[in-house]
Amino acid sequence: MADAQLPPSWSLQQIRDVSGDQEAVALDPNRAVHWVARPEAHDEVLHPEIVLGFHSLCLVKPFNDDDWYMGSLYDDGSILCWAAYGDLYEALRGL
């Protein structure tokens with residue numbers, strides 16, 4: 001968890017308040033993350049800069065990308081994203 005980080009200008013308590021999940025955590029971004037835009041499309045690999053965990057869901061902010069991707073967090077630590085949001089507040093409310 002040493003590599004886990006929060007988005008600039010956000011505290012963990014703010015993330016918990018907006019999402020409504022008081023157990024939200026920052027996760028280590030060193031994990032496999034894939035984006036599936038459409039069922040028939042090939043997975044795109046995302047390179048996470050920030051990963052926020054909300055039980056079995058998570059939000060991923062990739063390097064060099066301003067969008068936040070929502071996805072499922074699997075037991076092996078991998079993430080499959082299936083929705084994208086233009087900003088963190090919107091993504092947190094979408095949980």
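The model is predicted, so local features need pLDDT of at least 70 and side-chain atom pairs count only at pLDDT 80 or more, while totals for chains, interfaces and linings use all residues. Residues are numbered from 1 along each chain as its sequence is written, and side-chain values use heavy atoms, with hydrogens and water left out.

Let's start on the inside. In soluble globular proteins, nonpolar side chains tend to be buried together. A nonpolar core here is a set of buried Ala, Val, Leu, Ile, Met, Phe, Trp, Tyr and Cys residues joined through side-chain atoms within 4.5 Å. Buried means under 20% relative accessible area, exposed over 50%, and partly exposed in between (1.4 Å probe, protein chains only). The largest core has 15 residues, and those touching the most other members are Ile15, Leu52, Phe54, Leu59, Trp68, Leu88 and Leu92. At least two residues of this core come from each of helix H1 (12–19), strands S4 (48–54), S6 (68–73) and S7 (79–85), and helix H2 (88–93). These names follow DSSP runs, numbered from the N terminus: helices are H or I with at least four residues, strands E with at least two. There is also a second, separate core of 10 residues, including Val33, Trp35, Val60 and Cys81.

Now look at helix H1. Its buried residues are Ile15, Arg16, Val18 and Ser19, and they pack against strand S1 (25–27), S4 and H2. Leaving out residues up to four places away in sequence, Ile15 has contacts (heavy atoms within 4.5 Å) with several residues, among them Trp10, Leu52, Phe54 and Leu92. Just after H1, Gly20 takes a positive phi of about 85 degrees.

Next come the charged side chains. How many salt bridges does a search of the whole structure find? It finds 1, where a salt bridge is a side-chain nitrogen of Lys or Arg within 4 Å of a carboxyl oxygen of Asp or Glu. The partners are Glu49 and Lys61, at 3.0 Å from N to O. Because Glu49 lies in strand S4 and Lys61 in strand S5 (residues 57–62), the pair ties together parts that are 12 residues apart in sequence. Glu49 is partly exposed at 24% relative accessibility, whereas Lys61 is buried at 13%.

Finally, visit two loops. His55 lies in the loop between S4 and S5; although not a glycine, His55 has a positive phi of about 60 degrees. Asn64, in the loop between S5 and S6, is not a glycine either and has a positive phi of about 55 degrees. His55 is exposed at 54% relative accessible area, and Asn64 is exposed at 83%.
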